[in-house]
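Walk through this structure with me, one site at a time. Each stop looks at a few residues and what surrounds them.

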Amino acid sequence: MDAASAAETLNKDHLMGIGNARKRKEDPRFIQGKGRYIDDIKLPDMLFAKMVRSPHGHARIKSINTQKALGLPGVHAVLTANDLKPLKLHWMPTLAGDVQAVLADEKVCFMGQEVAMVVADDRYIAADAADLVEVEYEELPVIVDPHKALLPDAPVIREDLAGKSEGAHGKRTHHNHIFTWEVGDREAADRVFGQAAVTVKETMTYQRVHPSPLETCGCVASFDKVKGELTVYLTSQAPHVVRTVVAMLSGIPESSVHVISPDIGGGFGNKVGVYPGYVVAIVASIVLGRPVKWVEERIENLSTTAFARDYHMTGELAADRNGRIKALRVHVLADHGAFDACADPSKWPAGFFSICTGSYDIPAAYARVDGIYTNKAPGGVAYRCSFRVTEASYVIERMVDVLAQKLDLDKAEVRLRNFIRPEQFPYRSSLGWEYDSGNYPAALQKVLTAVDYSGLRREQAEKRARGELMGIGLSTFTEVVGAGPRKTCDILGIAMFDSCEIRIHPTGAAIARFGTKSQGQAHETTYAQILATEIGIPSDVIQIEEGDTDTAPYGLGTYGSRSTPTGGAAAALAGRKIREKARKIAAHLLEVSAEDLEWQGDRFQVKGVPDQAKTMKEIAWAAYNNLPEGMEPGLEAVEYYDPPNLTFPFGAYLCVVDIDRHTGEPKVRRFYALDDCGTRINPMVIEGQIHGGLAEAFAVAMGQELVYDDSGTLQGASFMDYFVPTAVETPYWETDYTVTPSPHHPIGAKGVAESPHVGGVSAFSNAVIDAFAHLGVTHLSMPYTPWRLWQKIHDLGLDKRSG
Amino acid sequence: MIPASFEYHRARTIDEALELLAKYGEDAKILAGGQSLLPMMKLRLASPGHLVDISEVAQLKELREADGLIRIGAAATETALLHSALLRGKCPLIGEAAAQIGDPQIRNRGTLGGNLAHGDPGNDHPSVMIALGASVIARGPAGERRLPMDGFYRGLYDTQLEPLELLTEIQVPTPPARSGAAYLKLKRKIGDFATAASAVQLSLGEGDTCARIGIALTNVAPMPLRLSGAEALLAGKRITAELIEQAAQIATGACDAADDFHGPSEYRAQMAGEMTRRALAGALERARRD
């Protein structure tokens with residue numbers, strides 16, 4: 001065995017480090033029902049809270065009568081805005097620089113808005129009491145369409161903002177307008193469009209959807225009146241920021257606030273924000289001096305806490321006759337609902353939407369996003385994607401197809417002609433990003449070969465001749481994930497770094513704590529692998545902890561695929577600090593100078609003398625009893641990592657769909673997903689992430705939609721109606737990969753879990769539309785429910801039976 | 001999702017269930033599998049003061065054949081129907097429909113009687129039982145009545161059952177040799193109600209002519225729809241592609257579906273036709289092989 005393969009065997013098999021498909025350390029407890037979620041937290045004397053919500057989309061509150069509810073035995077409190085006013089907590093700041101009513105202050109602006117909270121001995125009494133709270137409303141005109149919201153005589157949704165012509169992101173041009181965000185060189189783009197040989201334009205809506213994690217949002221707040229300390233267990237993807245916010249809002253010293261995120265049953269962006277339910281439960285606990293539990297019901301989760309998308313987009317491309325793209329213009333009407341509670345880095349009101357030039361070398365580009373208030377639930381979080389990256393990727397991947405159709409070019413060929421070439425990296429895009437690394441042509445070519453693309457196109461031509469509907473969808477996407485860096489990205493002024501703190505015990509086992517928070521991503525498994533490779537102790541003896549703000553180092557949390565780019569980098573660098581101290585200890589033990597030692601994966605060895613070595617296990621023991629003169633005992637390291645740049649994972653996906661002409665049912669026959677996330681830490685975990693993200697992409701493309709009727713009523717806010725596919729509906733996935741490491745990340749890794757969602761949605765969409773492309777169809781709105789597809793089929797006369 | 005408070009009573013026998021019903025009257029509801037009632041209670045769309053649980057009444061779970069009738073206790077679960085060798089051999093339509101209801105957990109609880117008595121047009125067994133020419137037995141203070149499934153429904157959530165009556169048994173005439181059936185259900189996903197569904201039960205006679213046929217539709221009107229016109233069209237004839245096409249058009253024309261998230265009424269009517277087309281072709285094919 002040569003040295004390289006020996007090192008590989010040591011790393012992968014013995015240490016179970018980077019590259020090992022070790023089983024998830026979390027799974028034994030999850031699959032045995034031994035996880036500890038919010039609703040498993042039971043404290044002595046705990047009370048239960050239930051929210052009273054608005055049945056109207058827009059209404060003035062004329063009165064709230066709590067007497068009957070308070071009269072029900074077992075009810076301890078009914079809190080309304082009037083109770084929160086003395087504490088100045090009836091409104092709270094949002095992550096997007098707006099304010100949101102914690103409990104409705106004189107009016108409600110969306111159906112389901114929080115109006116009062118009942119606190120009672122148990123859930124049953126709380127539910128009965130909530131029914132007894134009498135609220136008198138005077139209904140107001142409702143707006144659910146962002147286009148109509150901007151009409152001059154549109155009703156004023158946010159009366160609290162009357163007279164405010166400036167918002168957190170500049171000028172407001174209408175009473176329902178939140179912000180205008182522009183990026184790129186408009187004049188340059190316009191000039192190119194004015195002279196272009198070919199231009200295409202398409203309007204597309206990316207419908208309002210919901211991340212719908214299996215576990216809904218909730219918290220247990222417990223205020224200790226004697227100690228003056230507040231402990232909050234909650235479903236948060238970012239517990240440290242929550243603690244800071246709670247300390248600032250409550251006036252309790254941050255050191256006396258303990259925020260703990262226990263096991264979380266999926267987040268997908270839904271658990272980033274701070275919700276009124278948390279705030280009122282905390283107030284209730286402070287007022288009553290008893291623990292208060294508040295957990296959303298499914299309907300509440302789907303209808304009130306953080307939706308995603310609702311982007312109404314117009315894309316335009318200018319190109320030459322060969323399909324070489326010269327310029328991109330995009331305009332978005334962004335429906336943010338009644339409060340701008342979008343979860344983005346503070347200076348990015350439309351998130352990273354400016355990644356909308358995608359994987360293509362587009363010399364000129366301009367994008368503009370207008371944020372709008374409507375009488376719908378607030379939110380606008382990144383559902384399994386980095387901030388607004390799915391929307392951005394969708395518009396460019398759709399537009400490239402539209403251009404190909406206009407020029408009668410193959411959709412793969414147009415992509416190959418426009419890709420940023422491998423030698424152009426690091427690549428600066430016309431909208432300001434510096435792409436770290438990529439090899440787009442290689443990825444696409446690998447997919448085209450694997451699926452016999454030309455064979456599929458031949459089959460499609462034959463089927464079209466027979467009147468059958470078969471579509472081939474491509475998506476060659478690029479993501480931007482892993483916020484910071486701190487100079488451009490912050491949340492409420494807190495820089496977006498992340499952290500790792502590691503302590504090696506005398507026996508060579510270790511504990512490492514992080515500022516991120518897993519919601520199913522398997523951090524306990526994969527962080528340990530990074531540390532195993534860096535430190536040379538087996539991942540099995542490295543305990544990973546997150547989520548307890550008392551013990552974990554400060555971090556900004558897990559969303560936007562940032563854990564590996566930031567927390568993973570912090571792990572690698574903390575591991576290297578450990579190794580440097582270990583080198584000095586080894587030198588002392590071996591009585592040589594540190595420079596005479598070489599690292600052998602799990603030990604330091606005197607150069608060229610294999611039997612003169614000290615393993616990390618031996619060094620760990622020595623760190624507690626036999627140290628060089630003047631060195632402090634112990635073996636610990638802390639790393640706060642401010643990434644120099646984001647990472648840019650990419651992929652090439654191909655979807656083949658057959659559509660039943662008589663029912664409109666789309667059947668995904670094949671889905672081939674090639675991902676490049678740089679260095680692969682655990683191939684099995686990656687594959688699981690890809691499967692999950694593709695399943696959610698399938699759900700969005702084929703069925704998910706939060707539909708409001710004209711009265712502002714959300715249609716179908718339960719899993720009876722809101723489409724969550726089961727294993728039966730979900731297609732079979734074929735996965736593949738290439739490896740193009742990130743040059744600036746300590747181990748070359750990028751984020752991965754969101755790629756399948758970002759890339760998947762456009763692949764499904766492009767496949768469905770491609771099935772109709774020969775008939776001149778350039779766009780169809782998601783979700784592709786059978787009836788919508790049938791309607792198109794019927795309009796085109798394709799469902800006629802011959803003879 | 002917390003129901004209002006209620007009293008729970010477990011009946012051991014049919015008589016005990018009837019006594020409890022008589023005692024609490026309109027304030028009582030029969031609880032069988034609870035797959036429709038409990039969600040309605042949790043949403044507080046229903047708040048009965050008393051639940052009379054019949055799921056453990058042994059007599060209501062029997063499944064047997066006697067005198068040319070397949071007799072199924074009202075509390076037989078979907079899973080029991082699915083696994084019944086008797087049904088598989090002699091009346092496969094019932095199991096075929098049961099397999100398309102809910103998911104395994106729902107089928108372990110949900111019962112045939114509940115599915116029929118609830119009166120939800122989205123339920124699958126009503127059209128199946130109409131196609132089969134089945135009847136139900138209702139027992140109440142005045143004794144027992146036999147009610148044909150055709151005509152059992154009076155409207156949305158409204159049946160011929162009297163408030164103090166309990167549906168005890170379903171009686172299905174055993175299909176003769178050379179029978180074929182199919183239940184075609186268009187739905188978005190496992191557990192969903194039908195966008196439209198069609199049940200066909202037919203028997204072939206001399207010269208492959210249609211000796212008997214029953215066709216009924218699910219979830220395209222406030223009640224299950226029996227397609228008498230299509231049955232009359234096909235009865236006594238050799239079923240051809242042209243006749244199937246005509247029957248499908250009759251199905252489409254008969255619908256009175258609402259617009260909902262499954263699609264607008266026109267789509268659902270067209271799908272009722274498409275499901276009928278496929279169910280007829282499938283049932284015919286099976287009858288020829290039977």
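Contact here means heavy atoms within 4.5 Å. This is a predicted model, in which local features need pLDDT of at least 70, side-chain atom pairs count only at pLDDT 80 or more, and totals for chains, interfaces and linings use all residues. Residues are numbered from 1 along each chain as its sequence is written, chains are lettered from A and ligands numbered from 1 in the order in which they are written, and side-chain values use heavy atoms, with hydrogens and water left out.

Start at A:Pro213. Find it in the loop between β12 (198–209) and β13 (218–224) of chain A. Helices (H or I, at least four residues) and strands (E, at least two) are DSSP runs, numbered from the N terminus. Leave out residues up to four places away in sequence, and A:Pro213 touches A:Gly265, A:Gly266, A:Gly267, A:Phe268, A:Asn270, A:Lys271, A:Arg298 and A:Asn301. Is A:Pro213 buried or exposed? Its relative accessibility is 0%, so A:Pro213 counts as buried. The cut-offs are these: buried means under 20% relative accessible area, exposed over 50%, and partly exposed in between, with a 1.4 Å probe and protein chains only.

Beyond four places in sequence, the residues it touches include A:Ala81, A:Leu84, A:Gln100, A:Val102 and A:Asp105.

Now turn to helix α7 (residues 186–195) of chain A. Its buried residues are A:Ala188, A:Ala189 and A:Phe193. They cover an arc of only 135° around the axis, so they sit on the same side of α7(A). That arc is taken from the directions from the helix axis to the C-beta atoms. What do the buried residues of α7(A) pack against? They meet β12, β17 (307–319), β18 (325–337) and β19 (364–373) of chain A. The face turned away from that buried side carries the exposed residues A:Glu187, A:Arg191, A:Gly194 and A:Gln195.

Helix α20 (residues 786–795) of chain A takes us to chain B. Its axis and that of helix α11 (residues 265–289) of chain B come within 10 Å and cross at roughly 85°. That makes α20(A) roughly perpendicular to α11(B), a label for angles from 65 to 115 degrees. The axes are lines fitted to C-alpha atoms, for helices over the stretch in contact, and angles run from 0 to 180 degrees between N-to-C directions. Which residues meet across this crossing? From α20(A) come A:Pro786, A:Trp787, A:Trp790 and A:His794, and from α11(B) come B:Glu266, B:Tyr267, B:Gln270 and B:Met271. By class, this contact has five nonpolar, two polar and one charged residues.

Helix α20(A) also has a buried side. A:Pro786, A:Leu789, A:Trp790 and A:Ile793 are its buried residues. Their arc around the axis is only 100°, which puts them on the same side of α20(A). Their cover includes β23 (469–478), β33 (650–659), β34 (666–676) and α19 of chain A, together with α11 of chain B. Just after the helix, A:Gly797 takes a positive phi of about 70°.

A:His744 comes next. It is found in the loop between β37 (734–737) and α19 (755–770) of chain A. Its side chain reaches the backbone oxygen of A:Leu646 at 2.8 Å. Such a polar contact is a pair of N or O atoms within 3.5 Å; within protein, one must be able to donate a hydrogen and the other to accept it, and residues adjacent in sequence count only if both atoms are side-chain atoms. Leaving aside neighbours within four places in sequence, the contacts of A:His744 also include A:Asp436, A:Tyr641 and A:Pro644.

Finish with some backbone details. A cis peptide bond joins A:Phe425 and A:Pro426, with omega about -5°. Another cis bond joins A:Gly484 and A:Pro485, with omega about 10°. A:Glu106 is not a glycine, yet has a positive phi of about 75°. A:Glu106 is exposed, with a relative accessible area of 55%.

Terms used
Parallel < 35°, antiparallel > 145°, perpendicular 65-115°, else oblique. Nonpolar A, V, L, I, M, F, W, Y, C, P; charged D, E, K, R; others polar.
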